[in-house]
Amino acid sequence: MNRMIVDLHTHTNASDGSLTPTELLDHARQLGVDVLSITDHDTLGAYERLPENPGLQLITGVELSTTWAGRGVHIVGLNVDRHSPALLAGIQQQKEARLERAGIIAHRLTRIGIPSPLAAVAAMAGDAGIGRPHFAQHLVDIGVVKDLRAAFKKYLGAGKPGDVKDGWASLEDVTGWIVAAGGIAVLAHPVKYKMTTSKLRLMLDDFVAAGGRGIEVISGSQQPDVTLRMLALADEFELAASCGSDFHSPDAAWSQPGRFAPLPAQVPKVWEQW
Ligand code: AMP
Ligand code: MN
Ligand code: MN
Ligand code: MN
C-alpha cells in the first residue's frame, strides 16, 4: 500500500497564504495529499469558505500566535471543534491583538520615514487579519526593498521596528483554548525560534504543563539531523509527532503541500490520537 501523505500545517488567503481554501484543496489533492489541515494564523475563516466536498480528509486546524520568554512562538491546534466557545473567544481576542499590533507596526514604520502604510495593508489583507507579510509586500510595492526577504531582514524580522512581541495571549491560554475545543495542541516549527536546545526544553516543560501534546517533528524540508533532534524531544516529553509543510504559496517551490520527508514509521503520531 502506498504511504498516506499527511500535511497538518498550511495557509490560505484567510490569513497570509495566497490561495483560496478551494484552490488549496485542489492544489494539495493534485500533489497527492490524503490528509490535510488548513492552519491559518489566528483564524478559522477558511472553514467558512470550503467547497461542499473537500476531496480529501480535512482536519480542522488553526495556528495561534503567542509569546514565550520574549519570543514569538506558534502553537498549532489540530482536530479542534470550530464552534467551541472558548476557542472562538480566544480567536476574537487574537484578532483584536492583531489589529492593534498592525497600528503599532504602522506607527513605527511611519516614524522611520515610510509614508503611512496602514490603509494599503488593510486593503491588501481584506477579510484576513493583517500580518507582517502584508506589510512586507507593501514595502516591496512602494520600492523600499526589493523582495519580501529583505523586508523582513530590514524592517519586520526579529529585533526590527516591525517586530512587536507583546499583545498575544500566553502560551498557557492558547494551549488551553485548543484543549477546550477538544483538539491537540502542537508546537509549530520548533527550529524556527532559533532557541538553544536547553531553552527549547524549558519551553516544552511549560507547554506540556499547559496541556500541549504534540510537536512538529517535520516542518517542511529540513536536514536529517534536525529531524533526529526533534524525535529525541518528542520522545523525552512524550509528545506525538506532527508534520507539515507550512505552505503559503505555489511560488515557494521548496514549501509545497505534502512535499517533505515522511515521519519514521515507529513514532507515535498526532493522527493516532483523533
Ligand atoms: P505574523 O503572523 O503577522 O507575525 O507574520 C508571521 C508570518 O510572516 C509567518 O507566518 C511567515 O508567513 C512570514 N514570515 C516570517 N518571517 C519571514 C521571512 N523572513 N521572510 C518571509 N516571510 C516571513
Ligand atoms: Mn505565515
Ligand atoms: Mn508559524
Ligand atoms: Mn504557519
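Which residue forms a salt bridge with arginine 98, and how far apart are the closest N and O atoms? The partner is aspartate 42, and the closest N and O atoms are 2.9 Å apart. A salt bridge here is a side-chain nitrogen of Lys or Arg within 4 Å of a carboxyl oxygen of Asp or Glu.

The views below show a predicted model, in which local features need pLDDT of at least 70 and side-chain atom pairs count only at pLDDT 80 or more, while totals for chains, interfaces and linings use all residues. Residues are numbered from 1 along each chain as its sequence is written, chains are lettered from A and ligands numbered from 1 in the order in which they are written, and side-chain values use heavy atoms, with hydrogens and water left out.

View 1. Contact (heavy atoms within 4.5 Å) joins 14 residues of domain 1 to 9 residues of domain 2. About 880 Å² is buried between the domains, with carbon and sulfur atoms giving 52% of this area. In domain 1, the residues that lose the most area to domain 2 are Asp16, Asp42 and Trp177, together 48% of what that side buries. Buried area is the accessible area (1.4 Å probe) that two parts lose on being put together, summed over both.

**View 2. Polar pairs and elements at the domain interface.** The interface of domain 1 and domain 2 holds 1 salt bridge. Between the two domains, 4 residue pairs are in polar contact (both at pLDDT 80 or more). A polar contact is a pair of N or O atoms within 3.5 Å; within protein, one must be able to donate a hydrogen and the other to accept it, and residues adjacent in sequence count only if both atoms are side-chain atoms. On the side of domain 1 that touches domain 2, β3 (57-68) and α6 (171-180) each supply at least two residues. β3 gives the most to that side, with 3 residues. Helices (H or I, at least four residues) and strands (E, at least two) are DSSP runs, numbered from the N terminus.

**View 3. The manganese ion (ligand 2).** Its protein donors are Asp16 (OD), His41 (NE2) and His248 (NE2), at 2.1 to 2.2 Å. Donors are N, O and S atoms within 2.8 Å of the metal (3.2 Å for Na, K and Ca); water is not among the atoms, so sites may look incomplete. Histidine 41 sits in the loop between β2 (35-38) and β3, and histidine 248 in the segment after β7 (240-244), so this pair ties together parts 207 residues apart in sequence.

**View 4. The manganese ion (ligand 3).** Glu63 (OE), His74 (ND1) and His189 (NE2) coordinate this ion at 2.1 to 2.2 Å. The manganese ion (ligand 2) lies 5.7 Å from the manganese ion (ligand 3). Glutamate 63 is in strand β3 and histidine 74 in strand β4 (residues 71-78), 11 residues apart.

**View 5. The manganese ion (ligand 4).** The protein donors of this ion are His9 (NE2), His11 (NE2), Glu63 (OE) and Asp246 (OD), at 2.1 to 2.2 Å. The manganese ion (ligand 4) is 4.7 Å from the manganese ion (ligand 2). Histidine 11 lies in the loop between β1 (6-10) and α1, and aspartate 246 in the segment after β7, so the pair ties together parts 235 residues apart in sequence.

**View 6. A salt bridge within helix α1.** The whole structure contains 6 salt bridges. One of them joins arginine 29 to aspartate 26, with the closest N and O atoms 3.2 Å apart. Both residues lie in helix α1 (residues 21-30), 3 residues apart, about one turn of the helix.
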